[in-house]
Amino acid sequence: MFLFGENENRINHDWRPEIHDSDGLAIWRGNGEWIWRPLVNPVNLRFNAYADDSPRGFGLLQRDRNFDHYQDDGAFYERRPSLWVEPRSGWGKGSVQLVELPASDETFDNIVAFWNPAEKPQPGQELLFAYRLYWGDGPPVVAPLARVVATRTGLGGIVGQKRKYFSWRFAVDFAGGDLAMLGKDTVVEPVIVVSRGQVEITSVRPLAPIQGLRAMFDLKPTDWDPGPINLRMFLRVDGQPLTETWLYQWTPPQVRPPL
């Protein structure tokens, strides 16, 4: 279940700051890439398929384990278990598919993730899939890269300056990996790809409270197509990845908002 979190507060009538059983979909792809896709509670049904060949693992995880972020002394969402799926044999080509259903209440289990093979089963065909399920605080494997620990969004622009157009800001915090070993003069490059729109005001700076980095950028819509925009980002140094890959899907306002 995902009702709302730090990245999306579409439902803002609740006294608690966050309500969710899981806050993201993690994928360890067959090629070794680590993916983190924060969940959302969409206005309309969302379906996404992430193509892969023999994935090494995937699951819906609850990464945020801080009680202060939930303030729920009855449901204790910071204690909710993650579920990791570990294929025990080569699954071949297919996709990890994510379904996000609109939910107005925390009793609705509105998030589903599953594997769908590329070759469709034929009548009478036997299919064998070996896998292991892990329930707990997190998966049994940890990426050697820095991981996403928070995703926040809000109005873009430069504080103190009049906005001439609408933009939306994304702030992604990374921690772990080799971040603590970076020198003060190390140049960290954000690699950002969006399906449409214009990326601007990019930055990467140290974030001492988590001993990590905060990457920020604004996305300026170049049209008012109601469809969602796909975003992809990771950080690298000297051409080598420093973090896992952050994926996100953002739906711009249906009507151009006033400035």
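The legends below describe close-up views of a predicted model.

Local features are given where pLDDT is at least 70 and side-chain atom pairs where pLDDT is 80 or more, while totals for chains, interfaces and linings use all residues. Residues are numbered from 1 along each chain as its sequence is written, and side-chain values use heavy atoms, with hydrogens and water left out.

**View 1. The largest pocket.** The largest pocket holds about 580 Å³ of space. A pocket here is an open set of points on a 1 Å grid over the protein atoms alone, with protein on both sides within 12 Å along at least five of seven lines, and a lining residue has an atom within 4 Å of a point. Grid points are joined across faces, edges and corners, and the volume is the space filled by probe spheres set on them. Of the 23 lining residues, Val43, Arg46, Trp250, Thr251 and Pro252 lie nearest the centre of the pocket. Strand β18 (residues 245-250) gives the largest share of this lining, 3 residues; strands are DSSP runs of E of at least two residues, numbered from the N terminus. The lining has 11 nonpolar, 8 polar and 4 charged residues. Ala, Val, Leu, Ile, Met, Phe, Trp, Tyr, Cys and Pro count as nonpolar, Asp, Glu, Lys and Arg as charged, and the others, Gly among them, as polar.

**View 2. The largest cavity.** A cavity is a set of grid points where a 1.4 Å probe fits but cannot get out, and the count of cavities of 30 Å³ or more is 1. The volume of the largest cavity is about 130 Å³. Its lining comprises 16 residues, and Glu6, Asp23, Trp36, Ala150 and Thr151 are the closest to its centre. Strands β4 (34-38) and β11 (147-155) each supply at least two lining residues, with the largest share, 4 residues, coming from β11. By class, this lining divides into 7 nonpolar, 4 polar and 5 charged residues.

**View 3. Two loop residues with positive phi.** Most residues other than glycine have a negative phi. Ser54 has a positive phi, near 55°, and sits in the loop between β5 (46-53) and β6 (57-61). Phe76 has a positive phi near 50° and belongs to the loop between β6 and β7 (82-87). Ser54 is partly exposed, at 27% relative accessibility, and Phe76 is partly exposed at 23%. Buried means under 20% relative accessible area, exposed over 50%, and partly exposed in between, for a 1.4 Å probe and protein chains only.

**View 4. The salt bridge of Glu106 and Arg16.** The model has 17 salt bridges, each with a side-chain nitrogen of Lys or Arg within 4 Å of a carboxyl oxygen of Asp or Glu. The side chains of Glu106 and Arg16 form one with an N to O distance of 2.6 Å. Glu106 is in the loop between β8 (93-100) and β9 (111-117) and Arg16 in the loop between β1 (2-4) and β2 (19-20), so the bridge ties together parts that are 90 residues apart in sequence. Glu106 is partly exposed, at 22%, whereas Arg16 is buried, at 9%.

**View 5. The salt bridge of Arg63 and Glu244.** The closest N and O atoms of Arg63 and Glu244 are 2.7 Å apart. This pair links distant parts of the chain, 181 residues apart, with Arg63 in the loop between β6 and β7 and Glu244 in the loop between β17 (240-241) and β18. Both Arg63 and Glu244 are buried.
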